[in-house]
Amino acid sequence: MGFMSGMMGNSSEVDPSKIKEEFQNIFAPKEEVYKGFQLIRDLFIFTNKRLILVDKQGITGKKMEYLSVPYDKINYFSVETAGHFDLDGELKIWVSGKQDPIEKRFNKSVNIYEVQAVLATYAC
């Protein structure tokens, strides 16, 4: 992922084994990382049990917030593919008890259909 791509809020896929190693303390027993996507410093992690959003905060990124969304709390989701002039795909997830969706943008290097398939596998 290039610097400008990161600055524009795009994301790219991250190796699940690297995520598992770096964030080993947040996973439940027998929880496996299925897919991960990085957005600048933040992560969007799909496991076999839940969706985890990691928000690295501050200049150093040492302060982190972990938002855990069990798949059964996801009401619905949508994906928007990238076009010729709009280079980003977009994912929106509506969660029970929250009016506004969680929104993430993905650059063309990420297969938005694969992201949708992960959600369809676990949230439906």
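Which pattern does the chain follow when read along the sequence?

Tutor: Happy to! One note before we start: this is a predicted model, in which local features need pLDDT of at least 70 and side-chain atom pairs pLDDT 80 or more, while totals for chains, interfaces and linings use all residues. Residues are numbered from 1 along each chain as its sequence is written, and side-chain values use heavy atoms, without hydrogens or water.

Read along the sequence, the pattern is α-β-α-β-β-β-β-β-β-β-α. That makes three helices and eight strands, taken as DSSP runs numbered from the N terminus (helices are H or I, at least four residues; strands are E, at least two). Of the 124 residues, 40% are buried, where buried means under 20% relative accessible area, exposed over 50% and partly exposed in between (1.4 Å probe, protein chains only).

Now to the inside. A nonpolar core here is a set of buried Ala, Val, Leu, Ile, Met, Phe, Trp, Tyr and Cys residues joined through side-chain atoms within 4.5 Å. The largest one holds 20 residues, and those with the most contacts inside it are Phe 44, Phe 46, Leu 51, Ile 74, Ile 93, Phe 106 and Leu 119. Two or more residues come from each of β3 (42-47), β4 (50-57), β6 (74-80), β7 (88-95), β8 (102-107) and α3 (112-123). The biggest share, five residues, is given by α3.

Leaving aside neighbours within four places in sequence, Leu 51 is in contact (heavy atoms within 4.5 Å) with Phe 44, Ile 45, Phe 46, Leu 67, Ser 68, Val 69, Tyr 71 and Ile 93.

Rings of Phe, Tyr and Trp (its six-membered ring) pair if their centres lie within 6.5 Å; planes under 30 degrees apart are stacked, over 60 edge-to-face and the rest tilted. By this rule there are six aromatic pairs. Phe 23 and Tyr 66 make an edge-to-face pair, 6.3 Å centre to centre with 80 degrees between the planes. Phe 23 lies in the loop between α2 and β2 and Tyr 66 in strand β5 (residues 63-70), so this pair ties together parts that are 43 residues apart in sequence. Phe 23 is buried at 3% relative accessibility, whereas Tyr 66 is partly exposed at 38%.

Tyr 71 and Tyr 122 are stacked, because their ring centres are 5.1 Å apart and their planes at 15 degrees. Tyr 71 sits in the loop between β5 and β6 and Tyr 122 in helix α3, so to speak of them is to link distant parts of the chain, 51 residues apart. Tyr 71 is buried, at 4%, while Tyr 122 is partly exposed, at 26%. Ring pairs also bring in Tyr 34, giving a cluster of Tyr 34, Tyr 71 and Tyr 122.

One last stop is Pro 101, in the loop between β7 and β8. Pro 101 is buried, with a relative accessible area of 18%. Apart from neighbours within four places in sequence, Pro 101 is in contact with Lys 92, Ile 93 and Trp 94. Ile 93 brings us back to the largest core, where Ile 93 is among the residues with the most contacts.
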